[in-house]
Every structure is written in C-alpha cells, then in structure tokens.
Amino acid sequence: MVAFFIFPAFTGFGENNKIEEIIDAVDSSMLFNYVETIQNFGTHPTGSEACQEVAEYIYNEFSSIGLNTTYYEWSDGKYEGKNVVAVLKGETNSSVILTAHYDSYPGSPGADDDGSGIACLLMAAKILSKYEFYHTIKFVAFSGEEQGSLGSSSYVRYLYDGGEDIIANINVDTVGHATSKETGNIIRSLTNEASIWLSDVAEEICNTYSDKIALQLYRHANFGGSDHQSFVNYGYEAIFFVEYEFNKNMHTPDDTIEHVNISYLTKVCKLIVATTAKIADMHFSVRVRFAEPRLGSVYINDRKILSLKEHHAVIFGRVYAIADVISNEEIRRVEFYFDGEVDGFCNSKPYSYIYDNIALFSHSIKVVAVSENTSDMSKIDIIMFNLLPPGPPH
Ligand SMILES: [Zn+2]
C-alpha cells in the first residue's frame, strides 16, 4: 500500500492529523517480521515450551517500546498459562483493551491464527506509545484461547472484580488471509447490540481514510469463538475483527506465512490501530452499567450468598438491579428492560429497579440511560428462578 497523493485534511482539530500519522506509521515489513518470528517458534500451544518462548518474545517487545509490561498468570485446573499485559497510561483510568492470542492450535505454527493478530498488537503498541491519549490503552496477548478462551476469561474476571472501567475491547483474531482482490478488501466485524457503536467507529475510519485503508466492513451479529466473548460475558462492550475469507489452513501445520497476505494484514492493522486511537480519545457524555446484580454471583433476592467461578449471575427470587450512570449531561430517565421489552423506569438516583417477573432459567436484562442529547445501554444475561407473585409497587 503506497499512497502517492496525500491531501492535507482541512480541519481545525489535531485529531485527523494524529490518526493519519498513526495510519501511515503501520509498517508492512515489520508486520511480516512479527508473523514470521512467531511461526518460527514452531507450534506453540498453551503449556508448551514454545508458548513460553513466544510469551517472552512479546514481553520483550512491549518492554523495549518502554511500556509498563507484566505477566498475568492464570490457571484453570487442567491448563495454566500467562497473558502478557502492557499499559499505556492515559489521562483517565478507563481503559480501551486491544487483544489477540499468542497460543497456537496444537500442531499448527499459527501464522494467521493468531500470529496475524499478535503482529497487529505489537505494531499498535509500537505506534500508539509515541502518542498521548485521553483514556488508558492496554495491549494484552492472551494464551489459552484454543482451549476455550481460558486466559481471557480469567483476566476479564479479575478486571471485573477490581471494578475496572472498561470502555471497549478490540479483539483481533486471524486477520491475515485473503487470496483474491475481493476478499482482500473486506474485514468482518462482530458486535453485540450494546457494542454496535464500535462497528460504527470502525466504519467511520474506513470511510474517512478509504484512500489509505481500502477496506469495507462486513458487519455481523456477535458470536463467541474468541477472546472478545470473555468481555461480553461480563457485560463489557467488544468488537471482534476476523478475516473475510476462510483460511482452510487454520489449525493445521500449513498455517504458515505463505498463506498470510501481508498487504491485506497491513490494511487491517491500519484499521485496528486507527480505531483504537479514535476510541481512546473519545469523550462520552453518558455511560451506564449494571452495578447490581454482579456477574459471577448467586443471590437470594437482593442478598448475595455465593461467588461463582463462572460469569453467570444466578438469582433466586426477584432481581434487584442498580445502574451506575456516569454522565456530564442531565439524565432524563433510566429504562430497565427484561428480555428486550421495557419493564419500567427510574428517574432519580440511585437508579434502581426490581424485576419481579415470574421467570425461570436464562433471561436478559438491559438498562438504557437517556440524557438530553444521547443515550447509552448495557445488557447482561442472568439465570433466574422467581415464582413469587409480583410484589408491592416499586
Ligand atoms: Zn484464534
């Protein structure tokens, strides 16, 4: 990708120049080197010595950039491993978390899955660390993904329990394969309802910088299958980027750099780095989250009786919901939904609501905070067992 003509953006703000510079800094030969280095460790499944070596390689890359880098150790009974975490401190402690996984499928050198994502992660760290952002950016390389997103589940739970304010997860898994002009111009983005705004941001980047990036966004509804799901499970907003064309070499010994299209990977990397930068500088006027019920807990009505290792919230009786609203605008109302339908409202702090629906098993609750100019929503899944008749008015 070479842009022969560069038109200066006519803007009174520095933002466009910053994003343009960031896009232009993505270096395809460096991406090639990252992918090649990772595949040359050979197959590196979670728990293997090669996996440990890849972790050290990533750790050293992050450190050499000057980022505060640590290992996050996780274990899941059967497996254990380390995530590599690098932090670029922002003005706020709210975080935008860019992720990819460094473990490979057993037997596969993992050039595309997910050497391509790790290459984007390292490139992003290298470029973005030269700038300042409003929010904190975390770069996280997970292991345990191929065994069921074990490294990310443990890490996200840790952040959730610590009360981290996560603005968004941007997850990059298998983004380097394209064998035709058509598939080389499309990238898939997967988002759930609460995260659609992340696809909107990515699409805006594609449109604004089409001459530099030349990618179309192919939007999907969310499905699991990568580490973003760990964020979704804890009620956070996440976008998952994955290549448009299916790579038949995935999870085989042939997942090598020969099947990675570096100019495609370069375009995807530009999109990801620019999207991350854009979100890390966004100011939000309204944000809402469920403070109660807590995920990973068992309740009897409003009383928490147990913590669960899993992300589920299990409630016997009525659901006592409390919404945390962070806002610099006046909140007009907070709406509480049950299985997609409005169930009731709350107009003043604390924003609480009692779901007294007679219901069994899996349901979803959603909260929407509406201000004068905008709104924000958050949605979580709960397991409830309530046969109590609707109670006194709330
Ligand atoms: Zn993967």
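Here are a few notes on this predicted model, covering a helix pair, a strand residue and one more helix.

1. Start with H3 (residues 49-65) and H4 (residues 111-128): their axes come within 9 Å and cross at roughly 15°. Angles under 35 degrees count as roughly parallel, so that is the label H3 and H4 get relative to each other. As for handedness, the crossing of H3 past H4 is right-handed.

2. Which residues make the H3 and H4 contact? On the H3 side you'll find Ile58, Glu61, Phe62 and Ile65, and they meet Ile118, Leu122, Ala125 and Lys126 of H4. By type, the contact splits into 6 nonpolar and 2 charged residues, with no polar ones.

3. Next, have a look at valine 84, which sits in strand S2 (residues 80-88). Is valine 84 buried or exposed? It has 27 C-beta neighbours inside 10 Å, so it counts as buried; the cut-off for that is 20 or more.

4. Leaving out residues up to four places away in sequence, valine 84 touches Ala55, Ile58, Tyr59, Phe62, Thr69, Tyr71 and Ala141. Among them, Ile58 and Phe62 also belong to the H3 side of the contact with H4. With alanine 55, the C-alpha to C-alpha distance from valine 84 is 6.7 Å, although 29 residues separate them in sequence.

5. Last, helix H9 (residues 262-280). Its 19 residues, at 1.5 Å each, should span 27 Å, and the end C-alpha atoms are 26 Å apart, so the two agree. H9 is also mostly covered, with 17 of its 19 residues buried.

Note on methods. Residues numbered from 1 in each chain as written. Predicted model: local features only at pLDDT ≥ 70, side-chain atom pairs only at ≥ 80, totals over all residues. Axes fitted to C-alpha atoms, helices over the stretch in contact; angles between N-to-C directions. Helix = DSSP H or I, 4+ residues; strand = E, 2+ residues; numbered from the N terminus. Parallel < 35°, antiparallel > 145°, perpendicular 65-115°, else oblique. Left-handed = near helix turned anticlockwise from the far one by under 90°. Contact = placed C-beta atoms within 7 Å. Nonpolar A, V, L, I, M, F, W, Y, C, P; charged D, E, K, R; others polar. Buried ≥ 20, exposed ≤ 12 C-beta atoms within 10 Å, placed from the backbone. Expected span 1.5 Å × (residues − 1).
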